[in-house]
Protein chains: 2
Amino acid sequence: MKDTYKPLILISNDDGITAKGLRVLVETMQPLGELLVVAPNSPQSGMGHAITIHSPLKIYRSTVFDDLGVEAYESSGTPADCIKLAKYYVLKGRTPDLVVSGINHGSNTSISILYSGTMSAAIEAAIEGMPAIGFSLCDYEKNADFSHVVTYVSAIAQQVLQTGLPRGTALNVNFPRKSHEQIKGIKICRQANARWKEEFDERTDPYGRKYLWLAGSFENPDKGEDTDEWAIAHNYVSVVPCLFDLTAHHAIATLNYEWQILKETAPRTIQEHFDNF
Amino acid sequence: MKDTYKPLILISNDDGITAKGLRVLVETMQPLGELLVVAPNSPQSGMGHAITIHSPLKIYRSTVFDDLGVEAYESSGTPADCIKLAKYYVLKGRTPDLVVSGINHGSNTSISILYSGTMSAAIEAAIEGMPAIGFSLCDYEKNADFSHVVTYVSAIAQQVLQTGLPRGTALNVNFPRKSHEQIKGIKICRQANARWKEEFDERTDPYGRKYLWLAGSFENPDKGEDTDEWAIAHNYVSVVPCLFDLTAHHAIATLNYEWQILKETAPRTIQEHFDNF
């Protein structure tokens, strides 16, 4: 880029500060701006949008990225905590121009976005008014191959630095795992309407007590060709713009209609209404 | 109700199985159906949509509601875990007709829904296709007064049992704290566009190490009279229908337009494109 201003890029993740995907992301962002890493000191997968309010937080300067000359901090908190810590504690005033999270070791397509620590960091940043992207590779291996996605990570980050994002949104970007076939390109998608069908694997500990492991399988009845699941299955990069306003705006009129009597009944006569339903 | 079928109502919360708000909810639901309680064994506030995937889960039969003749289980998991455990482990097949969560000790209006364990239980239930409601009282006291809200809790649950909910939504219901004034009624609302401005309270432990407490203040620049914040401030019950599809559908067209070149550029020439931007 010809611009002489170096944008500030805040980087976090949910696999922890030593994860390979984080290092790949830091290396990929380095030519694009000044970097700050604030990441959890342990894996936080599945933490959703958890924040730490009932116990204290710790944050330390980390040497993990000293070899790249990048300032980094590790925190005992969740990914959402890391974004709050970066903005309100480490930076104290300067606002990052871009927040990137990941690259997650594992898919965060479809409903998995709700359980995703990677995306909670991005969504927390969006709440704070910062353009934010969560990157995930559909490969759960600790030593996953990220070589086929770095050009896309860089290009998407540059695109967002240049054109910003629609107000109140963050991006959920997923990449297909490395295969013999080259990635076909980028698709702007919607979240597939799929879910996890759970099973609990029941075991007994050495003291005779039962314990369970959550062990679900992903089920996708949504065959739409505009979904993130379709894009990944067809070797495209999926990009889903996501909201933090969860309001089902279209449902407000329906509820006002269906709840008319309930809304117009005085509290002390509500029970009579239901008794006569 | 004249119907002889007794609906199955699943009850959870995020303050833990011994919380007063949960007992109030169980007592209020008891006339409406057959009850099952699956709740965390410790407070889970702020857990967002976390699930337990890196450690085992425990679940035990609890005697907490034996005095009411209600079957209850306590789990080491999060509120979202509790819903999965209820559906796939305890019930093994029978699907609840209604899932209620709460009554939370504290507000879950506006952006707090994202951090809320109470609402994560309701949203998890909605993902599983069950009508679900999260109830919260805007009073953080352990011994909060719930007496002014039980009629509304019962009425809203009965309304949902009778008319269901718009597909793919869960309700976020908040109640004003007890005051000298009677609650004015129910408002169907949108999530206020407000957020937490954080501060970190820095302290030193007995071993000389620094630690932090997250201590934010809530800031609401959204003065719209259709928000949950407005309803609560004016002594109404706020009811927000919520989605688990986070897609910003309106932003898809914008991104397709703005990202046109990026989408049409072959991977190996993407960097040239940005070099010439």
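How many residues of chain A are in contact with residues of chain B? In this predicted model, local features need pLDDT of at least 70 and side-chain atom pairs count only at pLDDT 80 or more, while totals for chains, interfaces and linings use all residues. Residues are numbered from 1 along each chain as its sequence is written, and chains are lettered from A and ligands numbered from 1 in the order in which they are written.

Contact, defined as C-beta atoms, placed from the backbone, lying within 7 Å, links 74 residues of chain A with 75 residues of chain B. Helix α6 (residues 249–258) of chain A gives the most to the side of chain A that touches chain B, namely 7 residues; helices are DSSP runs (H or I, at least four residues) and strands likewise (E, at least two), numbered from the N terminus.

In chain A, 9 strands form an open sheet of mixed pairing, in the order β3-β4-β2-β1-β5-β6-β7-β13-β8; two strands pair if DSSP finds at least two bridges between them. Strands β3 (59–62) and β8 (186–188) of chain A each have a single partner strand, so one side of each is left without a neighbour in the sheet. Strands β7 (residues 169–175) and β13 (residues 237–243) of chain A run antiparallel and are joined by 6 bridges, with A:Asn174 opposite A:Ser238 in β13(A).

Just after α2(B), B:Lys92 takes a positive phi of about 45 degrees.

How values were computed. Two residues are in contact if their C-beta atoms, placed from the backbone, lie within 7 Å.
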